[in-house]
Amino acid sequence: MINIPKGTKDVLPQDSYKWQYVESVAREVASAFAVREIRTPVFEHTELFNRGVGDTTDIVTKEMYTFKDKGDRSITLKPEGTAGAVRSFIENGMGNGVLPAKMYYIIPAFRYERPQAGRLREFHQFGVEIFGAKGAQTDAEAILIADTLLKKLGIAVKLCINSIGCPTCRAEYNRALKAFFAPNLDKLCYDCKSRYEKNPLRLLDCKEEECKKINADAPSMLDYLCEDCKNHFEQVKTYLQNAGVEYTIDPRIVRGLDYYTRTVFEFVSTSIGAQGTVCAGGRYDGLIEQLGGNPTPAVGFAAGIERLLIVMQACGAKFPEEPKPTVYLAGMDEECRAKAFSLAYALREVGVSAEIDHMERSIKAQFKYADKIGAKYVAVIGGNELVQGQANVKNMQTGESESVAFDDMISYFQK
């Protein structure tokens, strides 16, 4: 027997309706905010992620699924959605169109990391990107889209926000960070020693306990913001307050991707332990230019669908009822099953969910099967019913039965 690869998971038919529900809510929320869908390839040129995600991130240095294709080109299964959306924005000239360009995606993504609750090697994301608007209200709107989604899914979370400034004020902050960490450099983990030189801000994102203890007293980026970044962050807070969205300022949020600037945010749940971030994002004003486009401001976020489902379960959120067939058509013999087949096809054509016998079961066994699949009605067709041109329809909840003419079946079940 060949088993499923480590870090991947089958979504079985009895669970897929939950995924469909989350995805449908995500699409509804996106539509309410006038955000349209974009679909990009599942793999891209590796250079896109090296330049876009950042060569100091764990994703690029440790976690990407990268391979050479038959043309000896380096290809990577996408580990996140933003870089691909930015590449498409540039390549398709969307910056010359109507701005802001607001788009969402529902994608599979791939990272080679240690599987744990809510974290797999193949996972799925709902993400939103807004290109072309630099104002603080756009940051607030991105946060509101995520907040609306989580509330509609019945997920209780805490919103944490921070600002990591722009390249100008961050340069001074990086110098302060290096001065702070220098006396303890020998105590830092191997990765942090590399980050110390390449990107000191990433030191604050380390999950190693010893590094977390050291960086607990590190200086805050908020104390080093330039006047423009400070004003931008104040405006974001004002927009959130005006919208009635509660938040906590967390100066340790830096996000694990190099492209972020100014506003960063996380929606955190305590329902699934340490891995409690269910949705995160921020502003990334330099990424489009960095990838070869014209200077264009941008902001966005992504939420892991697997993690959303886990937190929904932990929070006791309500899923809709699993879809069940409206009617099961039971035929007593081959001729009756043929009639059931044609009636089922007619019902399906008008949108009525109908099932039939594919296993040549007895009528008793067909009733048992209909009950197992949750059919609301069973329409029995025997020899007498064929002659009379009607079926004996039983309501599986009340046990009541009545005769329904074949010609009336569509109108009967459409009601």
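User: What makes Leu188 and Tyr196 contacts of Phe181?

Analyst: Contact means heavy atoms within 4.5 Å. Leaving aside neighbours within four places in sequence, Phe181 is in contact with Leu188, Tyr196, Leu203, Leu204, Ile214, Asn215 and Ala218. This is a predicted model, in which local features need pLDDT of at least 70 and side-chain atom pairs count only at pLDDT 80 or more, while totals for chains, interfaces and linings use all residues. Residues are numbered from 1 along each chain as its sequence is written, and side-chain values use heavy atoms, with hydrogens and water left out.

User: Which nonpolar core is the largest, and what makes it a core?

Analyst: A nonpolar core is a set of buried Ala, Val, Leu, Ile, Met, Phe, Trp, Tyr and Cys residues joined through side-chain atoms within 4.5 Å. The largest one has 47 residues, and Phe131, Phe181 and Leu204 have the most contacts inside it. Among the elements giving two or more residues to this core are α6 (167-181), α7 (190-198) and β5 (101-110). A second, separate core of 43 residues includes Phe126, Ala146, Cys279 and Leu308.

User: Why is Arg283 called buried?

Analyst: Buried means under 20% relative accessible area, exposed over 50%, and partly exposed in between (1.4 Å probe, protein chains only). Arg283 has a relative accessible area of 0%, so Arg283 is buried. Arg283 lies in strand β10.

User: How do you know that Ala133 makes a polar contact with Arg283?

Analyst: A polar contact is a pair of N or O atoms within 3.5 Å; within protein, one must be able to donate a hydrogen and the other to accept it, and residues adjacent in sequence count only if both atoms are side-chain atoms. The backbone oxygen of Ala133 lies 3.1 Å from a polar atom of the Arg283 side chain, so the distance is within the 3.5 Å limit.

User: How do you know that β9 and β10 pair?

Analyst: Strands (E, at least two residues) and helices (H or I, at least four) are DSSP runs, numbered from the N terminus. Two strands pair if DSSP finds at least two bridges between them. β9 and β10 (residues 277-283) have six bridges, in the antiparallel sense, so they pair by this rule. In this pairing, Phe267 stands opposite Cys279.
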